[in-house]
Amino acid sequence: MQPAKTLEPHRARLDQTWPDQAWEVEAVLAWHDDNAKAAIRSLLDDCKHLRQQLALAERVMSRGMARGWTPRYERDAL
């Protein structure tokens, strides 16, 4: 088994895509023993959790703290 690939946080930029998207898909499937439905369910659960965290942060964060930034719940089309 090879070590997991990671994208170092200090090198990541918001507009940067992951180095190898095919590897990322394979890693998700491997984590779920090649069960695609379980992988999709897990990713949807993660998405739901992150949206809840974003909504919570939006409620407790002042406008001044974020300098006018407001969260978007939908990502930009690629």
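In the predicted model, D33 is exposed, with a relative accessible area of 70%, and this residue belongs to the loop that runs between helix 1 (21-31) and helix 2 (36-60). The backbone of D33 has a positive phi, near 55 degrees, although the residue is not glycine. Most residues other than glycine have a negative phi.

At the start of helix 1, a side-chain oxygen of D20 reaches to within 3.3 Å of the backbone nitrogen of A22.

In helix 2, attention turns to a pairing between side chains. The structure holds one salt bridge, in which the side chains of D45 and R41 meet at 3.1 Å, N to O. D45 and R41 are four residues apart in helix 2 and are therefore separated by about one helical turn. An α-helix has 3.6 residues a turn, so residues three or four places apart point the same way, and side chains of opposite charge can pair when their charged atoms come close. Both partners are partly exposed, D45 with a relative accessible area of 39% and R41 at 48% relative accessibility.

Terms used
Residues are numbered from 1 along each chain as its sequence is written. This is a predicted model: local features need pLDDT of at least 70, side-chain atom pairs count only at pLDDT 80 or more; totals for chains, interfaces and linings use all residues. Side-chain values use heavy atoms; hydrogens and water are left out. Helices (H or I, at least four residues) and strands (E, at least two) are DSSP runs, numbered from the N terminus. Buried means under 20% relative accessible area, exposed over 50%, partly exposed in between (1.4 Å probe, protein chains only). A polar contact is a pair of N or O atoms within 3.5 Å; within protein, one must be able to donate a hydrogen and the other to accept it, and residues adjacent in sequence count only if both atoms are side-chain atoms. A salt bridge is a side-chain nitrogen of Lys or Arg within 4 Å of a carboxyl oxygen of Asp or Glu.
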